[in-house]
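The following exercises are to be worked through with the sequence and the model in view. Each task is followed by a stepwise solution.

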Amino acid sequence: MMAALCCPDCGALIDLPTGVQPGDLVDCPNCAGHALRVREDAGRWSVTLAYRASCPDCNQVVTLPEDAKPGDTILCCGQTYRLTFEFGAFAAEKT
């Protein structure tokens with residue numbers, strides 16, 4: 001097991017599971033619904049928030065790409081949804 005890393009939102013220590021790879025997602029045990037994206041740069045490990053949005057039709061939670069920004073689109077249920085960002089969270093809206 002690797003050294004523990006701090007959640008960027010609540011500061012809790014997160015033990016990364018054995019075999020974790022850059023780009024993998026782990027959950028913070030204290031932050032409900034927050035996923036953390038594992039990163040490695042020059043041998044240094046870190047975690048960043050991996051934003052999520054719920055599909056407005058089926059309520060499936062979609063983990064967004066690392067470079068997601070308001071105005072981008074995502075696909076779910078065979079439909080395209082536009083991302084908005086308010087109050088520190090993304091939402092998917094019908095286009």
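**Exercise 1.** In what order do the three strands of the open sheet lie, and is the pairing parallel or antiparallel?

*Solution.* This is a predicted model, in which local features need pLDDT of at least 70, side-chain atom pairs count only at pLDDT 80 or more, and totals for chains, interfaces and linings use all residues. Residues are numbered from 1 along each chain as its sequence is written, and side-chain values use heavy atoms, with hydrogens and water left out.

Step 1. Strands are DSSP runs (E, at least two residues) numbered from the N terminus, and two of them pair if DSSP finds at least two bridges between them.

Step 2. The order is E8-E9-E10, and the pairing is antiparallel.

Step 3. Strand E8 (73-76) and E10 each have a single partner strand, so they stand at the edges with one side left without a neighbour in the sheet.

Step 4. E8 pairs with strand E9 (residues 79-86) over four bridges; Leu75 has Thr80 in E9 as its bridge partner.

**Exercise 2.** Which residues are linked into a cluster by ring pairs?

*Solution.* Step 1. Rings of Phe, Tyr and Trp (its six-membered ring) pair if their centres lie within 6.5 Å; planes under 30 degrees apart count as stacked, over 60 as edge-to-face and the rest as tilted. The count comes to three aromatic pairs.

Step 2. Tyr51 and Phe85 have ring centres 5.8 Å apart and planes at 90°, so this pair is edge-to-face. Tyr51 lies in the loop between E5 and E6 and Phe85 in strand E9, so the pair ties together parts 34 residues apart in sequence.

Step 3. Tyr51 and Phe90 also form an edge-to-face pair, with 5.3 Å centre to centre and 75° between the planes. Phe90 lies in strand E10, so this pair ties together parts that are 39 residues apart in sequence.

Step 4. The cluster therefore consists of Tyr51, Phe85 and Phe90, linked by ring pairs.

**Exercise 3.** Is Phe90 buried or exposed?

*Solution.* Step 1. Buried means under 20% relative accessible area, exposed over 50%, and partly exposed in between (1.4 Å probe, protein chains only).

Step 2. At 11% relative accessibility, Phe90 counts as buried.

Step 3. Tyr51, at 33% relative accessibility, counts as partly exposed; Phe85, at 34%, also counts as partly exposed.
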